[in-house]
Amino acid sequence: MAAHLSNNKNGVDSVGMSLADLPKSWTFTASLPPDPMFPTPADAHKFPREDVEPRQVKGALFTWIRPETVEEPELLAVSSTAMRDLGIRDEEQKTEEFRELVAGNKLLGWDAEKGEGGYPWAQCYGGWQFGSWAGQLGDGRAISLFEITNPATKRRYELQLKGAGITPYSRFADGKAVLRSSIREFVVSEYLNALNIPTTRALSLTLLPKSKVRRETLEPGAIVARFAESWLRIGTFDILRSRGDRNLVRKVSTYIAENVFDGWTSLPSRNSSDDGKTDGPISTGITPETLEGPEGLEENRFTRLYREIVRRNAKTVAAWQAYGFMNGVLNTDNTSIMGLSLDFGPFAFLDNFDPHYTPNHDDHALRYSYRNQPTIIWWNLVRLGESLGELIGAGPGVDEAEFVEKGIRAEAADGLVARAEGLITRVGEEYKAVFLTEYKRLMTLRLGLKVHKPEDFDTLFSEALDTMEALELDFNHFFRKLSHLRVQDLDTDQQRKATAGVFFHHEGVTGLGNTDASARERIAAWLEKWQTRVYEDWGPDGDDVNRQAAMQAVNPKFLPKNWVLDELIRRVEKGGEREILERVMDMALRPFEERWGWDEAEEERFCGDVPRGDRAMQCSCSS
Ligand code: AMP
Ligand code: MG
């Protein structure tokens with residue numbers, strides 16, 4: 001395989017570095033308080049690994065703890081995109097050192113003899129699970145090794161091993177991950193990134209042949225080396241708030257503003273010139289004027305931090321909706337402060353468009369169903385607003401010495417609460433606006449249009465979704481198929497009805513009360529409206545070649561649907577196959593291609609119609 005080239009800041013091509021040589025840091029552990037049981041890494045290192053037990057950890061954001069050592073790890077797969085983004089050279093994956101590192105058998109940065117250096121850690125957090133307070137959770141099976149900075153991009157990532165053994169946060173579980181769920185997390189992390197959806201990433205997948213993990217049955221264990229610019233979650237704030245740790249809420253907030261985001265000045269402000277900075281090219285429709293609220297709703301920097309977190313999550317959930325992705329377990333401990341898709345258990349992509357579908361077999365209330373995701377993420381963000389409420393509500397007085405030390409005076413408490421509520425409500429409006437703007441932007445692109453017109457929402461978006469729902473059409477395949485159409489071929493009603501058949505499943509028209517003729521009629525009516533809009537945006541010939549290319553660049557041909565992942569898991573785990581993983585990963589990393597130069601029939605099968613009995617599958621949470 002050719003070495004991946006990346007441009008460093010001098011414009012000179014470099015082929016990356018070894019993992020050992022990449023610049024490392026431990027900013028997180030240097031900035032935030034450790035578990036009082038082990039004040040230094042040396043204390044933690046002396047403690048026998050096998051004596052680690054779940055317990056409550058108070059007044060701390062993390063515990064220093066090393067991964068368990070494992071026997072005969074087998075490196076199954078590496079993401080070439082992840083290697084490039086981290087600045088690691090491609091050949092590195094063949095080295096013994098790399099294999100041992102991503103399996104947790106080797107520490108970098110720690111001098112065991114001197115008892116000093118950087119040391120791995122597990123985070124403490126809490127969470128609301130399925131709407132109920134769950135208390136302390138934390139990294140029960142994930143251990144972060146270090147932060148690495150890609151010298152070319154200057155981006156700093158925290159590298160973490162999932163499935164690396166028991167930590168104080170393991171509660172009643174074993175600290176391990178099974179191969180099945182590790183394959184799923186490995187593939188989907190890199191796939192979402194390929195779709196440009198904010199997500200935590202995955203570098204490698206390691207099989208632990210000697211580790212048998214008990215779930216419903218005995219299963220092989222595995223480790224995913226994953227990375228993110230930050231692993232902090234809403235649950236991080238939940239646990240601090242539940243314990244009344246107001247100093248730590250301020251401290252973590254400050255850490256996030258200064259070390260995760262680009263400093264306080266980078267956060268959204270009411271000053272429109274600053275606002276553009278974090279807003280990128282997307283306009284929210286929110287101007288300083290629309291944000292003028294009732295008297296006294298002055299925003300201090302913590303409110304601006306809250307807004308940044310809210311806006312990022314709004315954009316991510318908009319992308320999930322536009323691509324039919326469901327996390328399946330959107331608890332607050334799985335909601336990232338960076339708006340990253342995070343913690344992949346029973347996730348899925350929509351097959352047939354069904355807004356009530358949840359991929360989580362145990363989600364009887366449909367709390368985490370497709371249509372609830374935007375509401376649930378806001379519910380989670382309100383929990384964050386409550387954790388930050390004292391800081392938000394303090395307004396301009398947030399840095400007054402008495403407030404910092406003792407909190408608000410009793411007589412001022414009502415005012416503080418009223419201000420916090422007012423501000424959080426206003427940020428809720430911003431959440432909706434950012435969500436809608438991003439959703440419309442993505443749907444406009446997916447439909448191959450250049451601009452969004454207000455009437456598109458009802459005429460094109462809603463009508464397409466209603467049609468897909470009524471006719472039981474595959475949501476993502478609909479867009480890819482649409483991208484292959486030439487608009488001149490849709491001029492007559494007869495042509496449109498003939499074309500409509502491309503959207504059907506192989507077994508023909510399904511869905512209550514539908515016939516082949518009624519289905520064709522409905523799709524043809526929609527295609528006519530779509531054609532009109534394409535002509536408006538692309539000129540009198542529809543500019544097929546350029547429009548098709550633009551549409552195919554945003555509408556994936558390949559999706560890691562559950563049936564594909566199930567087959568992949570079966571073949572790797574039971575069949576001992578290895579190459580299939582590389583093939584599927586290649587498709588996941590380049591999902592917009594038409595061909596991948598593999599076996600054409602197999603490519604088409606994996607990208608094609610979902611076998612009828614395999615649609616809308618559900619998974620349990622056991623992973
Ligand atoms: P999840 O549902 O994967 O987001 O996990 C919720 C919480 O349970 C987190 O604190 C996890 O670290 C913990 N957890 C899940 N599975 C395990 C396991 N096998 N061992 C230890 N902790 C786990
Ligand atoms: Mg989790």
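S369 counts as buried because its relative accessibility is 2%, where buried means under 20% relative accessible area, exposed over 50% and partly exposed in between, with a 1.4 Å probe and protein chains only. This is a predicted model in which local features need pLDDT of at least 70 and side-chain atom pairs count only at pLDDT 80 or more, while totals for chains, interfaces and linings use all residues. Residues are numbered from 1 along each chain as its sequence is written, chains are lettered from A and ligands numbered from 1 in the order in which they are written, and side-chain values use heavy atoms, with hydrogens and water left out.

**Surroundings of S369**

- S369 sits in the loop that runs between β17 (348–349) and α11 (373–387); helices (H or I, at least four residues) and strands (E, at least two) are DSSP runs, numbered from the N terminus.
- The side chain of S369 reaches the backbone oxygen of L366 at 2.9 Å.
- Apart from its neighbours within four places in sequence, S369 is in contact (heavy atoms within 4.5 Å) with P355, H356, Y357, T358 and D363.

**Ligand 1 and the domains**

- The domain assignment, which is automatic or from a database, gives domain 1 (3–231), domain 2 (236–444) and domain 3 (447–552).
- Ligand 1 lies between domain 1 (3–231) and domain 2 (236–444), because both give residues to the shell around it.
- Around ligand 1 there are 17 residues, of which the closest are G138, G140, R171, D174 and G175; a residue is counted if one of its heavy atoms lies within 4 Å.
- A nitrogen atom of ligand 1 is 3.1 Å from a polar backbone atom of K176, whereas an oxygen atom of ligand 1 lies 3.0 Å from a polar side-chain atom of N334, and an N or O atom in the side chain of D343 is 3.2 Å from an oxygen atom of the ligand.
- Of the 480 Å² of accessible area that ligand 1 has on its own, the protein covers 82%, with areas taken from the Shrake-Rupley method and a 1.4 Å probe.

- F558 lies in the loop between α19 (544–552) and α20 (562–574), and F558 counts as buried because its relative accessibility is 0%.
- Although F558 and E593 are 35 residues apart in sequence, their C-alpha atoms are 8.2 Å apart in space.
- Leaving aside neighbours within four places in sequence, the contacts of F558 include Y191, V564, M587, W596 and F606.

Technical notes. Polar contact = N/O pair within 3.5 Å; in protein donor to acceptor, adjacent residues only side chain to side chain.
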